[in-house]
Amino acid sequence: SGSPTFASPRVQILASPSIMSCLEDCGNCCGLLSAIGIIFLLCLGAALDSKASAIDFKGDHSEAARNCYIAAVIYVVFLALSVCCIRKAKADAREEAEAAAELRRREEAEEKSS
């Protein structure tokens with residue numbers, strides 16, 4: 001058996017590769033969407049600042065541009081959280097692999113001593 005066995009069924013579920021990779025997958029998805037949002041909002045803010053004729057906007061251009069920049073900063077925060085999720089998932093995967101290797105070493109040592 002390639003996967004480690006644990007005494008508690010709850011630990012088995014939490015340590016399953018599909019649950020562990022969910023955090024990384026979620027971080028990747030949110031990170032990508034945040035990066036796209038940052039680029040879009042910065043471009044839109046710059047276009048509003050320059051009062052581009054391609055944007056038919058009747059309101060205050062400078063206030064709308066400022067709001068785009070504020071939203072871009074919020075997206076930067078979410079991008080940073082996404083990176084944290086990805087790093088956490090990778091660290092958890094490393095710990096799981098090390099624990100599984102240690103468990104295999106112990107089982108092999110027990111078999112040799114028997």
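## Accessibility of the cysteines

A residue is called partly exposed when its relative accessible area lies between the limits for buried, under 20%, and exposed, over 50%. In this predicted model, Cys-30 has a relative accessible area of 37% and is therefore partly exposed. Cys-84, at 49% relative accessibility, also counts as partly exposed.

## Disulfides

A disulfide is a covalent bond between the sulfur atoms of two cysteines. In the model, a pair of cysteine sulfur atoms has to lie within 2.5 Å to be counted. By this rule there are 0 disulfides. Cys-30 takes part in none, and the cysteine sulfur nearest to that of Cys-30 belongs to Cys-26, 4.4 Å away.

For Cys-84, the closest cysteine sulfur is that of Cys-85. The two sulfurs are 7.1 Å apart, which is too far for a bond.

Helix H3 covers residues 61-113 and includes Phe-78. Phe-78 is partly exposed, its relative accessible area being 47%. Together with Ile-70, Ile-74, Val-77 and Leu-81, Phe-78 makes a nonpolar surface patch of about 460 Å².

With a relative accessible area of 27%, Leu-79 is partly exposed.

Which residues does Leu-79 touch, not counting those up to four places away in sequence? They are Gly-31, Ser-34 and Ile-38.

Methods:
Residues numbered from 1 in each chain as written. Predicted model: local features only at pLDDT ≥ 70, side-chain atom pairs only at ≥ 80, totals over all residues. Heavy atoms only, no water. Buried < 20%, exposed > 50% of the residue type's maximum accessible area, 1.4 Å probe, protein only. Patch = residues over 30% accessible without salt bridge, like charges linked within 9 Å, V, L, I, M, F, W, Y side chains within 5 Å. Areas by Shrake-Rupley, 256 points an atom, 1.4 Å probe, with all protein chains shown as cover. Salt bridge = Lys/Arg side-chain N within 4 Å of Asp/Glu carboxyl O. Helix = DSSP H or I, 4+ residues; strand = E, 2+ residues; numbered from the N terminus. Contact = heavy atoms within 4.5 Å.
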